[in-house]
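I opened the structure to look up a few things in turn, and these are my notes on what I found.

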Amino acid sequence: MPITTLSIPTPDGPADAFAAFPDRGGRQRHPGVLMYPDGFGIRPVLREMALELAGHGYYVLVPNLFYRHGPAPAIDLPGYIGEEARPAVFARLMPLIEAHTTERVLSDADAYLTFLTTRPEVGAGPVAVTGYCIGGLLAMRTAAAHPGRVAAAASFHGPVVAGGPAGLRRLLSTLTARVHIGHAASDITPEALGELERALDAAGAGHTCEIYPGTVHGFTMADTDAFDPAGLQRHWDRLLPLLRRTLTGGRDRD
């Protein structure tokens, strides 16, 4: 299954990215999925996850969120991000995350979706957006900003409720995509989960929200000490049916 290195035109310059997609010969087109990385950015584990998703019949585009600061990886990362490495890694990453303003997020989202939907390997029709950690919030912002282009949005251990009730209402007011949000058990209170579900209900978006038992923030990422194999599998068990329902009319593309 091929991985292709790409350059996405944006108003602030080219964004490096990669895409994974099925290698089935001919000119077959596939439903498009924009996958936002977590705050650690593009690295081998993200390529493995994109390949896994592509193996189910999707064209998966993964951009470098921090392209304004240089090509991925934005900073040098250890092969395994454990407790001892985290403080130094976050000290270098936080300025990049803080510089990624809402204005930049929305500008980039438009560029990424335009690029994705015009790829010759991507079929006509709406696409899906999924993301991890900060990428989960970006997925929700992208879906809300492009209600006619995004049919499904998924967020995993993302800070979707960080803006409080008022921020949630603003974020979700234009959402039309079908949504799944999977929270780490350490990331959200029952009260905040209730606020989120009420905001999604008010937006009229079909949704499922759940806390993945026994998980901590970052549970999908196999190169960190937060990794939880059961949590990762639960994530696939939720994401793949969501994509089948919204992008393929319920048909299995495995």
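**Notebook: backbone, strands and cores**

I began with histidine 157, which I found in the loop between β6 and α5. I am working from a predicted model, so I note the backbone values as computed ones. The phi of histidine 157 is positive, about 40°, although the residue is not a glycine. Is histidine 157 buried or exposed? With a relative accessible area of 1%, histidine 157 falls under the 20% cut-off and therefore counts as buried.

I then looked up cysteine 133, which lies in the loop between β5 (127-132) and α4, and noted a positive phi near 55°, again in a residue other than glycine. I also noted a cis peptide bond joining alanine 72 and proline 73, with omega about 0°; proline 73 sits in the loop between β4 (59-63) and α2 (86-99). I recorded these entries because most residues other than glycine have a negative phi, and most peptide bonds are trans.

Next I turned to strand β7 (residues 178-184), where six of the seven residues are buried, so the strand is largely enclosed by the rest of the structure. Strand β6 (residues 150-156) pairs with β7 in the parallel sense over five bridges, and alanine 153 stands opposite valine 179 in β7. From β6 the chain passes through helix α5 (residues 164-172) to β7, in a right-handed β-α-β crossover. Strand β8 (residues 207-212) also runs parallel to β7, joined to it by six bridges, with histidine 183 opposite isoleucine 211 in β8. Here too I found a right-handed β-α-β unit, made of β7, helix α6 (residues 190-203) and β8.

Which residues have the most contacts inside the largest nonpolar core? I listed Tyr36, Leu61, Met140, Leu172 and Leu175, in a core of 52 residues. Helix α4 (residues 134-145) gives the largest share of this core, seven residues. Leaving aside residues up to four places away in sequence, I found that leucine 175 touches Met140, Ala143, Ala144, Leu200, Ala203 and Ala205. Apart from this core lies another, of 31 residues, including Met35, Tyr212, Leu240 and Leu243.

Last I checked helix α3 (residues 102-117), whose 16 residues reach 22 Å from the first C-alpha to the last, close to the 22 Å expected at 1.5 Å a residue. Among the buried residues of α3 I noted Val105, Asp108, Ala109, Tyr112 and Leu116.

Terms used:
Residues numbered from 1 in each chain as written. Predicted model: local features only at pLDDT ≥ 70, side-chain atom pairs only at ≥ 80, totals over all residues. Heavy atoms only, no water. Core = buried A, V, L, I, M, F, W, Y, C linked by side-chain atoms within 4.5 Å. Buried < 20%, exposed > 50% of the residue type's maximum accessible area, 1.4 Å probe, protein only. Helix = DSSP H or I, 4+ residues; strand = E, 2+ residues; numbered from the N terminus. Contact = heavy atoms within 4.5 Å. Pairing = 2+ DSSP bridges. Right-handed = clockwise from strand over helix to strand, strands pointing away. Expected span 1.5 Å × (residues − 1).
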